[in-house]
Amino acid sequence: MLLVLSEDHKEHLAFLPKVDAAVVREFGRIALEFLRRGSSPKIYEGAARKLCVPVDMVQHGVEGLMFLMTESSKHMISEMDFLDSVLALGFGDELNQILLQLYLQHHSQIRSILSQLPSNLPAYHNLEWRLDVQLASRSVCQQVIPMLTMRLSRVLQTDPSTLLHLISTLEAALSAIKTSHSRRVLRNIK
């Protein structure tokens with residue numbers, strides 16, 4: 001699975017190639033501290049003074065790096081997928097390897113931190129469904145026509161064969177996007 005970053009996130013991460021490798025590692029450490037304890041403006045101010053850049057540039061760089069690491073950890077992407085995702089950002093090989101090392105060293109720790117955070121993602125609490133089966137009609141004495149009705153946020157109605165076809169189509173699309181050909185296409189689109 002490749003990560004798709006918005007233009008804002010790419011802009012925030014564009015600061016990383018302009019700094020030394022040790023600074024990128026330090027930004028990674030600050031990003032982990034940000035996850036554990038929250039934001040600290042004093043850390044951003046100190047780093048901005050050392051680098052002679054505006055505070056918001058440092059803050060955006062750290063937040064962009066934190067987003068990259070949390071999304072990668074959340075989706076448990078492989079090393080190859082991580083490198084492919086970072087490759088789309090246009091960084092050099094050295095910076096890509098540093099980011100990969102940061103990800104590999106800290107992904108399990110990031111996952112444990114994220115699992116402790118309260119989740120505010122939408123979730124189904126009450127899925128209402130009904131299965132209707134027409135067994136006969138005036139013209140046909142013996143027939144079986146099942147119909148499944150579900151209420152998510154809207155009422156959906158389908159027969160089981162269409163539902164199975166929908167599921168298989170979605171699974172095929174998911175497996176197709178994981179192929180190396182689709183990765184190359186996605187990389188070239190960006």
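Visitor: Which residues of α5 are buried?
Guide: Asp-81, Phe-82, Asp-84, Ser-85 and Val-86. Bear in mind that this is a predicted model.

Visitor: Let's take α4, then. How many residues does it have, and how far does it reach?
Guide: Helix α4 covers residues 55-74, which makes 20 residues. From first C-alpha to last it reaches 28 Å. That is close to the 28 Å expected at 1.5 Å a residue.

Visitor: Which α4 residues are buried?
Guide: The list runs Val-58, Gly-61, Val-62, Gly-64, Leu-65, Met-66, Leu-68, Met-69, Thr-70, Glu-71, Ser-72 and Ser-73.

Visitor: What do the buried residues of α4 pack against?
Guide: Helices α1 (7-13), α2 (21-37), α3 (41-51), α5 (79-87) and α6 (93-116).

Visitor: What happens just after α4?
Guide: Met-76 takes a positive phi there, about 50°.

Visitor: New topic: the surface. Which residues form the nonpolar patch?
Guide: Leu-127, Trp-129, Leu-131, Val-133, Leu-135, Val-144, Leu-152 and Leu-156. Together they have about 790 Å² of accessible area.

Visitor: Which strand gives the most to the patch?
Guide: Strand β1, residues 128-134, with three residues. Val-133 lies in β1.

Visitor: Why does Val-133 count as partly exposed?
Guide: Because its relative accessibility is 41%. Buried would need under 20%, and exposed over 50%.

Methods
Residues are numbered from 1 along each chain as its sequence is written. This is a predicted model: local features need pLDDT of at least 70, side-chain atom pairs count only at pLDDT 80 or more; totals for chains, interfaces and linings use all residues. Side-chain values use heavy atoms; hydrogens and water are left out. Helices (H or I, at least four residues) and strands (E, at least two) are DSSP runs, numbered from the N terminus. The expected span of a helix is 1.5 Å times one less than its number of residues. Buried means under 20% relative accessible area, exposed over 50%, partly exposed in between (1.4 Å probe, protein chains only). Contact means heavy atoms within 4.5 Å. Patches are made of residues with over 30% relative accessible area and no salt bridge: like charges are joined within 9 Å, nonpolar side chains (Val, Leu, Ile, Met, Phe, Trp, Tyr) within 5 Å. Accessible areas come from the Shrake-Rupley method with a 1.4 Å probe; for residues, only the protein chains shown count as cover. A salt bridge is a side-chain nitrogen of Lys or Arg within 4 Å of a carboxyl oxygen of Asp or Glu.
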